[in-house]
Amino acid sequence: MRVRLHQIVVDCREPGELVRFWAELFGGEPVERARGWFHVKLPGVARLAFQPVPEGKSAKNRLHLDLAVDDLPAAVARAVALGAAPVGGTITDDQGSFQTMRDPEGNEFCFVTG
C-alpha cells in the first residue's frame, strides 16, 4: 500500500476569498468545488484546499506551510500587498532566514531562505 499527500486543507470562514489570496501568491488559478469548497494546485505538490467552517480562527496553527523563496523582502512585500501580515521580524540562524506571516484569515505560514 502506498500513501501520498493528496491535499492540505485549511478551515476558513470565507474560502472563496482566501483561495484567491493563495492562488495569487502561488500564481495558480482558484477552483470552485461543491459545498463551498475551493482549491488551488500548488506547483509540484499537492493542492491547497479551503473548507468552509462557521467558527473563526481562535488559536495558533498546529501546522503551517514553510514556503521557500529566493528574495525574502520581496516575498513579504508581495504577500502584504495581497492581504497578508508579517508577525514579528525576520529571524536568521545557521539554517537561513525566515519570516512568519499571517494570511488574510490569520493562518500562519513562513517564508524561508537558505
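The legends below describe close-up views of a predicted model.

**View 1. The open sheet of β5, β8, β7 and β6.** Four strands make up this open sheet, in the order β5-β8-β7-β6, and their pairing is mixed. β5 (65-68) and β6 (85-93) are the edge strands; each has a single partner strand, so one side of each has no neighbour in the sheet. On average, and ignoring direction, neighbouring strands here are turned by 20° against each other. Strands β7 (residues 96-102) and β8 (residues 108-113) run antiparallel and are joined by six bridges. Within this pairing, F98 has V112 of β8 as its bridge partner. Helix α2 (residues 72-82) lies across β6, β7 and β8, and runs at about 5° to β7.

**View 2. Strands β1, β3 and β4.** β1 and β4 run parallel and are joined by six bridges. V10 has F50 in β4 as its bridge partner. β4 also pairs with β3, in the antiparallel sense and over four bridges; here V40 stands opposite L48 of β4. Five residues separate β3 from β4 in a hairpin, and G44 in its turn has a positive phi of about 75°.

View 3. Helix α1 (residues 15-26) has 12 residues, which at 1.5 Å a residue should span 16 Å; the end C-alpha atoms are 16 Å apart, so the two values agree. The buried residues of the helix are P15, G16, L18, V19, F21, W22, A23 and L25. Among the elements covering them are β1 (7-12), β3 (38-41), β4 (47-52), β5, α2 and β8. After the helix comes G27, with a positive phi near 80°.

**View 4. Aromatic rings around W22.** A search of the whole structure finds five aromatic pairs. In one of them, W22 and F26, the ring centres are 6.0 Å apart and the planes stand at 25°, so this pair is stacked. Both residues belong to helix α1 and are four residues apart, about one turn of the helix. An α-helix has 3.6 residues a turn, so residues three or four places apart point the same way. W22 is buried, because its relative accessibility of 4% is under 20%. F26 has a relative accessible area of 25% and is partly exposed. W22 also pairs with F109, edge-to-face, at 4.9 Å centre to centre with 65° between the planes. W22 lies in helix α1 and F109 in strand β8, so this pair ties together parts that are 87 residues apart in sequence. Both W22 and F109 are buried. Ring pairs link F21, W22, F26, F109 and F111 into a cluster.

**View 5. N61 in the loop between β4 and β5.** N61 sits in the loop that runs between β4 and β5. With a relative accessible area of 18%, N61 counts as buried, because the cut-off is 20%. The N61 side chain reaches the backbone oxygen of L63 at 3.4 Å. Apart from neighbours within four places in sequence, N61 is in contact with N107 and E108.

Methods: Residues are numbered from 1 along each chain as its sequence is written. This is a predicted model: local features need pLDDT of at least 70, side-chain atom pairs count only at pLDDT 80 or more; totals for chains, interfaces and linings use all residues. Side-chain values use heavy atoms; hydrogens and water are left out. Two strands pair if DSSP finds at least two bridges between them. Helices (H or I, at least four residues) and strands (E, at least two) are DSSP runs, numbered from the N terminus. Axes are lines fitted to C-alpha atoms, for helices over the stretch in contact, and angles run from 0 to 180 degrees between N-to-C directions. Contact means heavy atoms within 4.5 Å. The expected span of a helix is 1.5 Å times one less than its number of residues. Buried means under 20% relative accessible area, exposed over 50%, partly exposed in between (1.4 Å probe, protein chains only). A polar contact is a pair of N or O atoms within 3.5 Å; within protein, one must be able to donate a hydrogen and the other to accept it, and residues adjacent in sequence count only if both atoms are side-chain atoms. Rings of Phe, Tyr and Trp (its six-membered ring) pair if their centres lie within 6.5 Å; planes under 30 degrees apart count as stacked, over 60 as edge-to-face and the rest as tilted.
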